[in-house]
Amino acid sequence: MIGNYYQQKSSLSESLILIVEDEPISAMVIADLLSDLYQTKIVHSGEEALEFCKNNTPDMILLDMLMTGMSGLQTCQTIKTDPNLQHIPIIFITSVKNQDDQNKCWEAGAVDFVNKPVNGITLQNRVKAHLTLKLQSDLLRRMSFVDGLTGLYNRHLLDEILEKTILQSIRSKTPLSLLMIDIDWFKLYNDTYGHLKGDECLKEVGEAIRDVLLRPTDLAFRYGGEEFLCLLPDTEQIGAEHVSQQILEKIAALKIPNEPSSNGLVNVSIGIHSSLITTLIQANEIIQKADSALYAAKQKGRNQYAS
Ligand SMILES: Nc1nc2c(ncn2[C@@H]2O[C@H](COP(=O)(O)OP(=O)(O)OP(=O)(O)O)[C@@H](O)[C@H]2O)c(=O)[nH]1
């Protein structure tokens with residue numbers, strides 16, 4: 001679900017619209033109006049909608065207000081309190097004219113209403129307007145999470161997701177690993193080759209780190225100046241060591257000269273922290289542990305990993 005923060009649809013037609021409507025004929029009428037323009041999916045209850053959203057992230061939800069079981073209002077309230085889903089625009093499809101009921105939907109986070117019986121042109125235009133805004137705001141969000149120099153994710157995204165990742169690890173009882181990676185003798189690299197070359201080196205190292213991470217849940221961040229951080233959910237110590245070894249090898253294979261370093265090349269040191277987290281801990285506690293391990297790797301002679 002972390003992926004939702006930075007997935008970017010390049011066109012409106014790639015957008016997925018979830019239609020939540022308990023009357024099958026109404027659902028089909030709505031889907032027919034939209035399915036030539038967008039991807040659509042029909043579910044018939046609020047409960048089904050929440051289930052669908054566990055593994056999929058629609059770009060918009062069209063929500064019937066009156067449904068048996070979970071009401072449209074309750075469904076909307078639940079979606080809007082889930083940090084992974086709250087950015088999805090919700091349009092209510094309703095025959096309810098009662099202003100108080102409509103007000104509750106606005107308060108719950110609805111972006112618009114379409115009255116039943118549905119006017120096709122109105123529905124298509126409202127959907128298009130809100131999807132366009134969604135695409136633009138997704139793009140801005142994505143830009144705010146990406147480091148301009150390396151193209152890796154930035155500290156801002158790490159701050160947003162680390163706590164959630166910790167909670168997810170506790171819930172799934174799976175180990176979480178963090179790698180703190182620092183380029184060795186980088187001050188001397190800049191002094192020797194200049195800052196522009198230094199920037200190029202950061203880009204290449206960042207790319208090499210990203211290339212090593214194969215699982216979709218693994219994420220690489222530029223943590224600070226010449227420091228990178230990898231977040232490896234569901235990964236134990238041995239897996240973290242394997243990834244670290246590959247990062248060391250991939251960076252050595254770049255063969256970027258760095259005279260001051262012992263082998264004459266740009267290398268990195270890596271601090272590993274792996275744990276099975278059982279009780280809630282602060283995000284910065286595990287970062288500090290990875291940082292201490294990085295310090296140990298530097299002390300042991302650099303160009304290696306330590307735990
Ligand atoms: N070119 C460039 N340099 C940067 C950037 N951000 C940080 N730096 C440089 O990275 C260097 C980091 O130096 P130090 O923290 O002293 O560490 P080091 O020289 O790598 O030494 P060790 O970590 O002990 O191996 C500093 O000279 C920073 O100016 C950047 O965006 N571009």
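Strand 6 (176-183), helix 7 (186-193) and helix 8 (195-212) each supply at least two residues of the shell around the ligand. The model is a predicted one.

**Ligand surroundings**

- There are 17 residues around the ligand, and D184, F186, K187, G198 and G225 come nearest.
- Sorted by class, the shell around the ligand holds six nonpolar, four polar and seven charged residues.

**Helix 7 and helix 8**

- Two packed helices are described by the angle between their axes and the distance between the axes.
- For helix 7 and helix 8, the packing angle is about 135° and the axes are 7 Å apart.
- Helix 7 is therefore oblique to helix 8.
- On the helix 7 side, the contact is made by Y189, N190 and Y193; on the helix 8 side, H195, K197, G198 and C201 take part.
- The contact of helix 7 with helix 8 has three nonpolar, three polar and one charged residues.
- G198 of helix 8 belongs to this contact, and G198 is also among the residues that come nearest to the ligand.

- An open sheet is formed by five strands in the order 7-8-6-9-10, with mixed pairing.
- Strand 7 (219-222) and strand 10 (305-306) stand at the edges with a single partner strand each, so one side of each has no neighbour in the sheet.
- Strand 7 and strand 8 (residues 227-233) run antiparallel and are joined by four bridges.
- R222 stands opposite F228 in strand 8.
- Strand 6, which has a place in the sheet order, also supplies at least two residues of the ligand shell.
- Helix 6 (residues 155-172) lies across strand 6, strand 7 and strand 8. The direction of helix 6 is at about 25° to strand 8.

**Helix 2 and helix 3**

- The axes of helix 2 (residues 46-55) and helix 3 (residues 72-80) come within 9 Å, crossing at roughly 20°.
- Angles under 35 degrees count as roughly parallel, so helix 2 is roughly parallel to helix 3.
- Helix 2 and helix 3 have a right-handed crossing.
- From helix 2, the residues G46, A49, L50 and C53 meet G72, Q74, T75, T78 and I79 of helix 3.
- By class, four nonpolar and five polar residues make up the contact of helix 2 with helix 3, and no charged residues are found there.

Definitions and conventions
Residues numbered from 1 in each chain as written. Predicted model: local features only at pLDDT ≥ 70, side-chain atom pairs only at ≥ 80, totals over all residues. Axes fitted to C-alpha atoms, helices over the stretch in contact; angles between N-to-C directions. Parallel < 35°, antiparallel > 145°, perpendicular 65-115°, else oblique. Left-handed = near helix turned anticlockwise from the far one by under 90°. Contact = placed C-beta atoms within 7 Å. Nonpolar A, V, L, I, M, F, W, Y, C, P; charged D, E, K, R; others polar. Near = placed C-beta within 6 Å. Pairing = 2+ DSSP bridges.
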